[in-house]
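Q: Could you walk me through this one, starting with the ligand and then moving on to some individual residues?

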Amino acid sequence: MRIDIITVSPDLIKSPFEHSIMKRAIDKKLVEVHFHNLRDFALNKYGKIDDYQFGGGAGMVLMIEPIDKCISKLQSERNYDEIIYMTPDAKTLNQATANSLSMVKNMIILTGHYKGVDQRVRDKFITKEISIGDYVLSGGELAAAVLCDAVIRLIPGVLGDETSALTDSFQDNLLSPPVYTRPSEYDGMKVPDVLLSGNFPKIDEWRATKAQEHTQNIRPDLLD
Ligand code: ADE
């Protein structure tokens, strides 16, 4: 997979790709991530990439021309399956979207800033718009890093244990059951006997019940 991220703050977004699973995926050459500074496509030598919105109102809007130049350059080099725009006014990211994006070959992720991008960018280029939650971040960079993490860990071969992504919360629309490790008793708090029993069918059954209960209590909407 190849991911091209267009941003006004490349330094803000690079660090998550230099650690942990995303770094491992890049080192194993299972994914390539390229960062493009929108200012390199600015309209003038002062780096102009944004302007006031027509009709008045606070906040600057990213202009179409620098974004067009950047996306068109990338498109002249290869085909893209998805051109994604990170924005709070979109459908919320979920595991199903992460699963389907983990199968694409090339994608561009455009991160917004200030008041967002000129609507014509969305109309002309964007194939999918994604929010990471019902709150507003200062820019789309952190949201793009979240999306990439959720997607990259699902690429086959990225996780050492092939099954571990499959038992994640949400993979089956259920929250995860509780987990415990040593010691089996701490400050009077005991690990449930069943987990120490060695009876694996019973353990599976206990986990399934706990997952169901936990989901019912915390996120009943997932069970609808
Ligand atoms: N940009 C700003 N807030 C965002 C959010 N919640 N999701 C995606 N992109 C964003």
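A: Around the ligand there are 13 residues, and those that come nearest are Thr87, Ile132, Gly133, Tyr135 and Leu137, where near means that a heavy atom of the residue lies within 4 Å of the molecule. Please keep in mind that this is a predicted model, in which local features need pLDDT of at least 70 and side-chain atom pairs count only at pLDDT 80 or more, while totals for chains, interfaces and linings use all residues. Residues are numbered from 1 along each chain as its sequence is written, and side-chain values use heavy atoms, with hydrogens and water left out.

Q: OK, and how far is the ligand nitrogen from the backbone of Thr87?

A: A polar backbone atom of Thr87 lies 3.2 Å from a nitrogen atom of the ligand, which falls under the heading of polar contacts, meaning pairs of N or O atoms within 3.5 Å (within protein, one must be able to donate a hydrogen and the other to accept it, and residues adjacent in sequence count only if both atoms are side-chain atoms). For Ile132, a polar backbone atom is 2.9 Å from a ligand nitrogen, and for Tyr135 a backbone N or O atom is 2.8 Å from a nitrogen atom of the ligand.

Q: How much of the ligand's accessible area does the protein cover?

A: On its own the ligand has 270 Å² of accessible area, of which the protein covers 96%; such areas come from the Shrake-Rupley method with a 1.4 Å probe, and for residues only the protein chains shown count as cover.

Q: Which strands supply at least two residues each of that shell?

A: They are β5 (82–92) and β7 (128–131), and β5 gives the largest share, three residues. Strands here are DSSP runs of E with at least two residues, and helices are runs of H or I with at least four, both numbered from the N terminus.

Q: What about the shell by class, how many nonpolar, polar and charged residues?

A: The shell has eight nonpolar residues, five polar ones and no charged ones, with Ala, Val, Leu, Ile, Met, Phe, Trp, Tyr, Cys and Pro counted as nonpolar, Asp, Glu, Lys and Arg as charged, and the others, Gly among them, as polar.

Q: Switching topic: is Asp4 buried or exposed?

A: Asp4 counts as buried because its relative accessibility is 0%, where buried means under 20% relative accessible area, exposed means over 50%, and partly exposed is in between (1.4 Å probe, protein chains only). Asp4 lies in strand β1 (residues 2–7), and its side chain is joined to that of Tyr80 by a polar contact of 2.7 Å.

Q: And Leu62, buried or exposed?

A: Leu62 is buried, because its relative accessible area is 0%, and it is found in strand β4 (residues 60–62).

Q: Which residues does the cis peptide bond join?

A: It joins Arg182 and Pro183, with omega about 0°, and Pro183 is found in the loop between α6 (141–152) and β8 (185–186).

Q: Where does Asn173 lie, and what is its phi?

A: Asn173 lies in the loop between α6 and β8, and its phi is near 65°, a positive value in a residue other than glycine. Asn173 counts as partly exposed because its relative accessibility is 41%.

Q: Last one, what is the phi of Lys29?

A: Lys29 is not a glycine, yet it has a positive phi of about 60°. It is found in the loop between α2 (20–27) and β2 (32–37), and it counts as exposed because its relative accessibility is 73%.
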